[in-house]
4 protein chains.
Amino acid sequence: MIRNRIFEIIEPAKSNDHHSRVFDNTILILIIFNVISVILESFSSIALRFQAQLDIFEIISITIFSIEYLLRIITSNLLYRENDKARAVLKYIYSPMAIIDLFAILPFFIPMILPVDLRFLRILRLTRILRIFKINRYTTSLSMIGRVLKKKKEELIVTLFVTFLLILLAASVMYYVETDIQPDGFPNILASLWWAVATLTTVGYGDVYPLSVLGKILSGIIALLGIGLVALPTGIISSGFTEELENKKQNYNRSAKAYKYKKRKKVLKRK
Amino acid sequence: MIRNRIFEIIEPAKSNDHHSRVFDNTILILIIFNVISVILESFSSIALRFQAQLDIFEIISITIFSIEYLLRIITSNLLYRENDKARAVLKYIYSPMAIIDLFAILPFFIPMILPVDLRFLRILRLTRILRIFKINRYTTSLSMIGRVLKKKKEELIVTLFVTFLLILLAASVMYYVETDIQPDGFPNILASLWWAVATLTTVGYGDVYPLSVLGKILSGIIALLGIGLVALPTGIISSGFTEELENKKQNYNRSAKAYKYKKRKKVLKRK
Amino acid sequence: MIRNRIFEIIEPAKSNDHHSRVFDNTILILIIFNVISVILESFSSIALRFQAQLDIFEIISITIFSIEYLLRIITSNLLYRENDKARAVLKYIYSPMAIIDLFAILPFFIPMILPVDLRFLRILRLTRILRIFKINRYTTSLSMIGRVLKKKKEELIVTLFVTFLLILLAASVMYYVETDIQPDGFPNILASLWWAVATLTTVGYGDVYPLSVLGKILSGIIALLGIGLVALPTGIISSGFTEELENKKQNYNRSAKAYKYKKRKKVLKRK
Amino acid sequence: MIRNRIFEIIEPAKSNDHHSRVFDNTILILIIFNVISVILESFSSIALRFQAQLDIFEIISITIFSIEYLLRIITSNLLYRENDKARAVLKYIYSPMAIIDLFAILPFFIPMILPVDLRFLRILRLTRILRIFKINRYTTSLSMIGRVLKKKKEELIVTLFVTFLLILLAASVMYYVETDIQPDGFPNILASLWWAVATLTTVGYGDVYPLSVLGKILSGIIALLGIGLVALPTGIISSGFTEELENKKQNYNRSAKAYKYKKRKKVLKRK
């Protein structure tokens, strides 16, 4: 009985369930405040002065997120009704959203159990930014990206491979041409790759660029011919995203029509 | 009687109304000179030498714009003929174009009424650049942008949200990787966001960029994969704009055809 | 008689006219060597050492181009057969290609007639690079661009106007925000425009960029939202060009078909 | 007999030929390790310490690649069954893939036969990176690019020509405007071309940019108007690639359908 009500509350709210909406908004606001807190903590002056307050906020957040996680596990057999309880729990734990939820709380508990050095502690702190993905439950944006990448997988692999070849070739050529003149800018091919990526994505930071005449000529040709190929994965993701958004709109229209049609049918029946 | 004529004059000119066209061109030229005057005044040497002339020009501009604003209010019930006078005035005052007109003159009068410090006075001066939007009345370009943003609202919100997430994530990761090596470039996540925006929009000023090998590798991957997603709002605005321009053309053609059709009908009738 | 032959020779060669083809190639090669000579002369070391040779080459080029120009004028009534001779000459002189031809030789003769200072002489020398447009006669690429710009005129004006407004607004805001912190980077709105253009076209040289936190936030928002609008003229030109190339292909296919059809008809007739 | 088996093994593996698959994977892994070895060797510290190991790996690679090359030549008449043996060998040697294979091994043998200086030896070492193209045999990505460039040849030539003209013109104008103010940045038109390419591809390293007001205004106009034209080859390559990928998909679907259809026919026949 009570488990049913809890399940209703923790799931994204239906239109007129007041408690459920309060719960959703609480979690959403908590996620946003968590992101803000991570940003604030990165300011060393704020981190020093408000460490106590930030720690308290962290403990509150973790407590709420942990309770949320546990409640979701407890009510998991209401989500997967076709499975028995033990299997539903396992199925839920391995679902993408549950893994995100776990990653949002787990790093907090690790230093309590295992002895960790400062360096590792810091990486653990970084993982807190992943809490932002908890927002996924309340938006379709991120799952849309997933679908786009899946749909365009084949194209992306082909073009990423070509992009990778082109960048590698450009970097190698540039390394052999420039390393004698500027051993600091092009000390090895890996460093040269940095130049190649910055140039072919047209970011062009300007920290490394060819100095020799030959290097400049080659770099100009590479830029003119290569940018088109490197822009391809960009174009593919973009077109995939646009298709997805159009499909969504059409589906929406179709379901809206279907809904209207059903309604009209009912009205006709009554008559 | 005279109010009717004033209304005809201040509205965008019909093809053969000489006075109205003179009025339109005066306002247009005044707007352009106002923009030029703001630019000139930003040169400290010009501001010092020609302060008197610039001030006189400002007073003249304000006078004309104020008279224009008052005339428009007085004749507002000729614009909204279905409303009574008081309601027409109110309706006009709250219309977007009237608000722009008000903002173009109001900042000039504030220091006369309220005591303001120098800093605030300066912001008031900045608002003069907004006078350029008065040009809106004589072009459809800006209202077109408004329509495009409205039409693509849903897509823009979804992609801006994803863009925002991606930039935030990239900035956070980069902060943790680079802050020890270059505390000046990546002192906190907010500063790191500056790097993320400059990179993912491919502007790449080159004031901050990763120095560590890990940072460069991550930055390369972020650049290659992220640029596609960040370019999405750009693509959506572009496609929306193109659609709008095509619709406009088709409407024009259709109305041109309809006009021809009507004309032919008339000719046939006469026969 | 001889005028007819000259006209045949100086016009772009038909498939089996040997002399005409020799003439065309001579002019083409001369244009290319002229461009190379302008580039070489810009190297001060080469300009000093080979001034004599470059001058001789210039005199030879001018002689040939002048003769070409005169021959084209003399034979102009063979180009415009419907006009009498005097009118044909005038019509030819005012045609775009003849103006280009004139500009390719005129600057050489000016210092002979008028006393010019060194500065003006230099600008005259710059005009030599315009000789490259003489190549226009042998390619359709440049006239294609002209057609594209004409076709998309309306769209380009609208978007260039919006682009101009956006750049002006961004520059003004940035000037007021940054001028106190870095009077060298943003001394006036005109200098601020330089930043705005470099940012919104995503070139991002990195010579000026906001330093204040407010400036960076505003700049980030401007970059994210503005790039889409500024990329519009780019997109319009691109799409116009693509359409033009497709039209050209279709026309080619159609005329090829028509040609085949005619041929077949002839064959059938003979039977 | 044995030649037939060798041919089967060295050709890309059919689904259930174990030996052939082992051979393919060996070559693939060797190519990848070769690329890694080239990258590693570019680190001077690694090159010094592990020179011996790298040399041994090089000899092993060359041995395997040489044997592979010889085997392919020996079995070439099984590839071109319609030709007699001598002609098949010649035909194979001049095929693109065989030339790549030869270039992957040849540079190793040159210093054994001819006396070469250190500088030339280094260029020979660079050619090792070309071994990555041996991967071509196992992927369709690279041949796809070839097809795209071939298909869009005409468009690419036209737009590359225009791009070239625009870059040349921009560089020349900028040289005359800026060379007096910054003789280091714009010493000659060739150096000015470097600025033009970096600007019009929007890379914008920021090593050279106009300093004079006139130069900045011209550069702004060039950037705003030119980027569209320079982006054209990029757009053409991108659209060509997308078409190619779609064709490939359709062909795949069609052949899949044809396969199903044949299968069904067979089933029907049996009945």
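A salt bridge is taken here to be a side-chain nitrogen of Lys or Arg within 4 Å of a carboxyl oxygen of Asp or Glu. The model under discussion is predicted. Side chains of opposite charge can pair when their charged atoms come close. Over all chains, the whole structure holds 52 salt bridges.

R72(A) belongs to helix α4 (residues 51–74) of chain A, whereas E11(A) sits in the loop between α1 (2–10) and α2 (18–41), so the pair ties together parts that are 61 residues apart in sequence. The two partners can also be described by their accessibility. Because residues under 20% relative accessible area count as buried, R72(A), at 3%, is buried. E11(A), at 24%, counts as partly exposed.

A second example comes from chain B. There, E58(B) forms a salt bridge with R131(B), and their closest N and O atoms are 2.9 Å apart. This pair links distant parts of the chain: E58(B) lies in helix α4 (residues 51–74), and R131(B) lies in the loop between α8 (118–126) and α9 (141–151), 73 residues apart. E58(B) is buried, with a relative accessible area of 5%, and R131(B) counts as buried at 2%.

Chain D supplies a further case, in which the side chains of E68(D) and R137(D) meet in a salt bridge of 3.5 Å, N to O. E68(D) is in helix α4 (residues 51–74) of chain D and R137(D) is in the loop between α8 (118–126) and α9 (141–151) of that chain, a separation of 69 residues. E68(D) counts as buried at 1% relative accessibility, and R137(D) is buried at 17%. In chain A, salt bridges that share partners join E11(A), E68(A), R72(A), D101(A), K134(A) and R137(A) into one network.

The interface between chain B and chain A comes next. The size of an interface is often given as the accessible area lost when the parts come together. For chain B and chain A the buried area is about 3500 Å², and carbon and sulfur atoms give 74% of it. L165(B), Y176(B) and L224(B) supply 18% of the area that chain B buries against chain A, more than any other three residues. In terms of contacts, 41 residues of chain B touch 38 residues of chain A.

What is the count of salt bridges between chain B and chain A? The count is 0. Polar contacts do occur across this interface, in 4 residue pairs. On the side of chain B that touches chain A, α10 (153–178), α11 (189–200) and α12 (213–270) each supply at least two residues. Of the elements there, α10(B) gives the most, with 13 residues. By class, this side has 26 nonpolar, 11 polar and 4 charged residues.

The copies use different surfaces, for 12% of the contact residues of chain B recur in chain A.

Note on methods: Residues are numbered from 1 along each chain as its sequence is written. Chains are lettered from A and ligands numbered from 1 in the order in which they are written. This is a predicted model: local features need pLDDT of at least 70, side-chain atom pairs count only at pLDDT 80 or more; totals for chains, interfaces and linings use all residues. Side-chain values use heavy atoms; hydrogens and water are left out. Contact means heavy atoms within 4.5 Å. Buried area is the accessible area (1.4 Å probe) that two parts lose on being put together, summed over both. A polar contact is a pair of N or O atoms within 3.5 Å; within protein, one must be able to donate a hydrogen and the other to accept it, and residues adjacent in sequence count only if both atoms are side-chain atoms. Helices (H or I, at least four residues) and strands (E, at least two) are DSSP runs, numbered from the N terminus. Ala, Val, Leu, Ile, Met, Phe, Trp, Tyr, Cys and Pro count as nonpolar, Asp, Glu, Lys and Arg as charged, and the others, Gly among them, as polar. Buried means under 20% relative accessible area, exposed over 50%, partly exposed in between (1.4 Å probe, protein chains only).
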